[in-house]
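Please read them with the sequence and the structure open.

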Amino acid sequence: MPRLSDSMEEGTIVRWLKRNGDEVVRGEELVEIETDKATLAYESDTAGTLQITAQEGATLPVGARIALIGGDDSVPSAAPAAATAVAEVESPAAAAPPAKTASGDEISGRGTVTTTEPTRTQTLIARRMAESRATVPSFTLQISVDMTTATTLRAEAKATGGEGQAVPTINDMVIKASALALREQPQANGAWRDGKFEHYSRINIGVAVAGPGTLVAATVFDADAKTLAEISAETGELAERVRSGTITPPQTSGGTFTVSNLGMFGVRSFEAVINTPQAAILAVGAVEQRAAVHEGEIEARMLMELTLSCDHRILYGADGAKLLARIKVLLEAPLSLAS
């Protein structure tokens, strides 16, 4: 079982693309595997005769044998599925099994009760979020950002831009501001792993994207070195790949900090769960018109709430506050994000 993402611990064989006894060549698609991030075809890294040793539906840890190519002929052609195997699925989408109707007296009080099995991805998300809550000593910080200038510049860009020209979103600005702030405060661009601090030379921003029955943090690599236009084009493509189910593990790996935005749903503020082992995650709320004091006068301003969740083992209160304050400064002077 190959490791197809940095957080992958086990994988489920969705479908063999070659039959037992087939001759395969190097680089030929061999099997579809569902990981904690996506379902994708794995290519053979050698040539020879295929001997399948793990059946479709089997869930196996990384490194466990799933097949031999040109190996020992004494190995059985198809071993029984592992004890942890899940029900076989019929397509790469790995949809949840049909709903089951419950029986007994609970039915009369709540109506007809149905249960559905979560997909492997949903199960892994649930486990990782529970582990994060249980093991990370986190704290949160919140700040209001005046986005009036930023929204004005976006409106002007839309009005003067050519037809079909993409204009960076507020979230793109948040990604760039976060990346620049992390460059200035490198301890926040790290992790706590096995009792030691990890520090990363690259600033890769994970962008939380909701897909059908899943939540994926797609990665914008080297976000501090990219222009707003480049970030905008990349996040748009990544979001489309998540929603269409074509995102690949390399596009969801290597993140060093995560941004999660629910502002498009009208949510003013929320606390996001840290994507371990990262040091922090930034939750972005809606940009909305509210009364605020500006230059000594009460005015209608476009305000946005940011909530930073931090791992206290890596960032202390003052560290998190400095990072959040710097992001605010950069967003309130959006021309600083243009380069």
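**Notes on the model**

1. Start with β15. This strand is mostly covered, with 5 of its 5 residues buried. Buried means under 20% relative accessible area, exposed over 50%, and partly exposed in between (1.4 Å probe, protein chains only). Both faces are covered: F257, V259 and N261 lie on one side, T258 and S260 on the other. Strands (E, at least two residues) and helices (H or I, at least four) are DSSP runs, numbered from the N terminus.

2. A word on the basis. This is a predicted model, in which local features need pLDDT of at least 70, side-chain atom pairs count only at pLDDT 80 or more, and totals for chains, interfaces and linings use all residues. Residues are numbered from 1 along each chain as its sequence is written, and side-chain values use heavy atoms, with hydrogens and water left out.

3. Which strands does β15 pair with through 3 and 4 bridges? Strand β13 (residues 205-211) is joined to β15 (residues 257-261) by 3 bridges, and the two run parallel. In that pairing I205 stands opposite F257. β16 is joined to β15 by 4 bridges, again in parallel. Here S260 faces A283 of β16. Two strands count as paired if DSSP finds at least two bridges between them.

4. Now the whole sheet. It is open and has 6 strands, in the order β10-β17-β16-β15-β13-β14, with mixed pairing. β10 (138-146) and β14 (214-220) are the edge strands; each has a single partner, so one side of each lacks a neighbour in the sheet. From one strand to the next the twist averages 30 degrees.

5. Helix α4 (residues 170-184) lies across β13, β15, β16 (280-294) and β17 (297-311). The helix runs at about 155 degrees to β15. Axes are lines fitted to C-alpha atoms, for helices over the stretch in contact, and angles run from 0 to 180 degrees between N-to-C directions.

6. Is A218 buried or exposed? A218 sits in strand β14. Its relative accessibility is 1%, so A218 counts as buried. Leaving aside neighbours within four places in sequence, its contacts (heavy atoms within 4.5 Å) are I205, G206, V207, L238, I247, Q251 and T252.

7. T276 and P277 are joined by a cis peptide bond, with omega about 5 degrees. P277 is in the loop between β15 and β16. D194, in the loop between β11 (190-193) and β12 (196-199), has a positive phi near 55 degrees and is not a glycine. D194 is exposed, at 74% relative accessible area. D222 also has a positive phi, about 50 degrees, without being a glycine. D222 lies in the loop between β14 and α5 (228-244) and is partly exposed at 25%.

8. On a 1 Å grid over the protein atoms alone, a cavity is a set of points where a 1.4 Å probe fits but cannot get out; lining residues have an atom within 4 Å of a point. The lining is S132, R133, V136, S138, E271, A272, V273, I274 and S309.

Definitions and conventions:
1 Å grid on protein atoms, 1.4 Å probe; cavity = no way out; pocket = protein on both sides within 12 Å on 5 of 7 lines; lining within 4 Å.
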